[in-house]
Amino acid sequence: MCGIIGYYGPKDTTEVLVGGLKKLEYRGYDSSGVAVLNGSTFDVVRAEGKLTNLETKLLESKVKGPLGIAHTRWATHGVPSERNAHPHKVDGVCLVHNGIIENFSELKEELMAQGAVFSSDTDSEVVAHLVARQLKKTPDLLTSVQAVLPRLHGAYAILIVWDQQPDTLVAFKNGPPLIVGLGKDETVIGSDVQALLPYTNNVVYLEDFEVTQIKNNKATFYSKNGQETVKKPIQVRWTPQQAEKQGYKHYMLKEIFEQPKAVASVLSKYVNLSTQSVQFESLKECPLGQTDQKEFDISFLKKVDRIFIIACGTSFYASMYGEYLIEKLAGIPVEVDFASEFRYREPVIPANSLVVVISQSGETADTLAVLRMAKEAGAQTISLTNTRGSTIDREAHGHLYMEAGVEIGVASTKAFTSTLAVISLFGIYLARLREKMSAVEEKKAIQNLLSLPSQMEAVLSFDKFFSETANHFKGHKGFLYLGRGVNYPIAMEGALKLKELAYMHAEGYAAGEMKHGPLALIDDKMLVIVICPQDQHYEKTLSNLQEAKARGGVIVSIGTGEDKKLKEMSQDYLSLPKHDWLTSGLLSVIPVQLLAYHVADVMGYDVDQPRNLAKSVTVE
Ligand code: AGP
């Protein structure tokens with residue numbers, strides 16, 4: 001989705017805004033633009049495509065002023081073009097918008113019937129026209145925005161300025177995130193904390209339908225019924241440095257190499273090393289920005305009858321992994337589903353159900369809708385996010401965290417492995433709570449997990465082989481990723497990575513399913529990536545590999561140690577250290593991440609900002 005940012009302060013506003021857009025560009029990069037106060041009017045500069053195009057334009061016409069708003073776009077309504085780029089300016093009103101105004105066509109018709117002339121195909125421009133019209137009746141930006149707000153249906157985070165009130169910025173939201181950063185002598189407002197960190201760690205999360213007015217660098221907040229309200233700022237722990245590349249060619253590569261550290265953070269948060277036991281007190285933690293939340297009742301986990309784990313994209317494959325873990329360790333029935341399907345298929349959520357939603361960003365619209373639906377259905381809910389204070393984190397009953405740190409690459413990597421680590425510990429915790437696992441078994445499981453960070457580093461040290469193998473991907477018509485058990489979701493994730501990064505048609509498949517259709521796809525143009533560690537599925541997976549090889553398929557296999565059999569049958573063999581099934585997925589995912597990374601890098605694609613994608617999908 002789009003990224004928006006606004007600034008009021010003594011610094012070079014254009015520089016601050018462009019710097020902020022750079023931190024938000026992972027949210028969308030079809031076009032960008034700024035509107036900066038220049039004397040008594042707001043000058044608008046926009047450009048199609050990547051942010052660099054806007055930077056070039058700004059060199060020619062740099063505007064100086066204490067107040068401005070900016071936008072980087074992920075096109076939904078209207079093709080990527082300068083004409084459809086934000087900010088939109090109508091009668092002195094400039095606006096940037098993240099989200100979708102669902103009733104924009106009726107509003108547009110009504111406005112055109114009243115003589116309004118539209119200069120773009122976007123839904124967003126409608127709001128600028130509505131406010132400009134209202135200002136003729138109530139010539140005050142805040143009052144006019146509060147009057148227009150109830151007419152808008154859909155998801156929106158919006159920043160507005162007006163030539164006639166050059167000292168004022170008004171912002172409001174429903175759905176997508178909007179955070180106000182309160183600096184010493186400056187105020188910065190935006191879609192993501194990362195863009196605010198260079199100026200302050202003191203932030204306020206706006207709730208749905210809340211409005212804020214920043215006037216002469218003073219931020220005032222208004223509740224959804226228009227009353228002035230006091231919002232207590234909170235301290236964010238992340239540092240701007242964490243959002244830098246630190247010498248890596250891409251954020252994604254840096255984040256892949258940060259996985260041992262991220263998993264170590266999860267272990268140090270949820271494992272009590274002195275008692276060698278798992279602890280989930282944080283479930284009761286109150287998320288950032290929440291003060292009045294009822295504590296999650298941990299004893300409920302003793303009697304939960306069914307667990308639903310719901311998410312989207314990579315987070316969904318982590319849910320699938322969770323299903324295997326929790327059912328095997330704790331013996332509780334687990335159901336997983338895509339949030340976009342679950343929310344509309346009228347699922348049966350019986351009493352004593354726990355609904356776990358997983359979301360790196362904590363803002364994915366479909367996943368948020370499932371959370372709200374589950375709460376309405378009376379289920380207990382737990383969120384597992386990487387973003388404290390995100391909407392999903394704030395609205396769930398219980399809170400778990402991925403502890404992966406800022407993840408900027410659009411393709412999720414360290415948040416995925418951190419999630420697998422949290423879910424593994426959660427499975428052990430439930431098993432202990434329900435006496436399905438002894439203290440001795442818990443200690444052994446924890447020992448296996450504690451060895452992960454060093455085992456992951458060992459796998460990462462083989463990166464040279466992964467980039468060599470990646471060169472062999474060229475010239476193949478299709479890619480099949482195969483796995484069994486906990487490595488089936490990893491095969492799905494591997495295929496997703498190759499799709500979203502190298503734009504190659506890849507499919508993940510349960511290896512045992514091959515004979516029921518996909519085997520027909522196999523010939524010497526098909527590259528088959530088989531995850532085949534020495535676990536309970538080894539022999540079965542090996543025979544699936546042999547089936548594919550027998551039809552001419554070219555094999556890349558991922559196995560344990562020096563596996564001669566696999567090596568003989570494979571064009572490329574990638575080795576993992578000897579490991580327990582409990583840690584398998586967290587090791588085997590690294591080669592499939594790096595294979596996709598190197599293929600995309602060799603093809604010169606923008607690895608951190610793949611085409612047509614965005615990091616957090618805040619609309620349906
Ligand atoms: C993964 O690489 C993608 N960025 C995408 O599939 C992502 O996992 C999905 O959009 C869910 O995002 P979330 O975890 O922030 O909810």
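**Note on salt bridges between separate parts of the chain**

1. Lys57 has a relative accessibility of 27% and therefore counts as partly exposed; this class lies between buried (under 20% relative accessible area) and exposed (over 50%), using a 1.4 Å probe and protein chains only. The model is predicted: local features need pLDDT of at least 70, side-chain atom pairs count only at pLDDT 80 or more, and totals for chains, interfaces and linings use all residues. Residues are numbered from 1 along each chain as its sequence is written, and side-chain values use heavy atoms, without hydrogens and water.

2. The structure contains 32 salt bridges, each a side-chain nitrogen of Lys or Arg within 4 Å of a carboxyl oxygen of Asp or Glu. One of them joins Lys57 to Glu82, at 3.0 Å from N to O. Lys57 is in helix α2 and Glu82 in the loop between β4 and β5, so this pair ties together parts 25 residues apart in sequence. Helices (H or I, at least four residues) and strands (E, at least two) are DSSP runs, numbered from the N terminus. Glu82 is partly exposed, at 37%.

3. Glu335 and Arg306 also form a salt bridge, at 3.0 Å from N to O. Here strand β19, which holds Glu335, is linked to strand β18, which holds Arg306; the two residues are 29 apart. Glu335 is partly exposed at 23%, as is Arg306 at 27%.

4. In the salt bridge of Glu395 with Arg372, the closest N and O atoms are 2.7 Å apart. Glu395 belongs to helix α13 and Arg372 to helix α12, so the pair ties together parts 23 residues apart in sequence. Through shared partners, salt bridges join Lys173, Asp208, Arg372 and Glu395 into one network.
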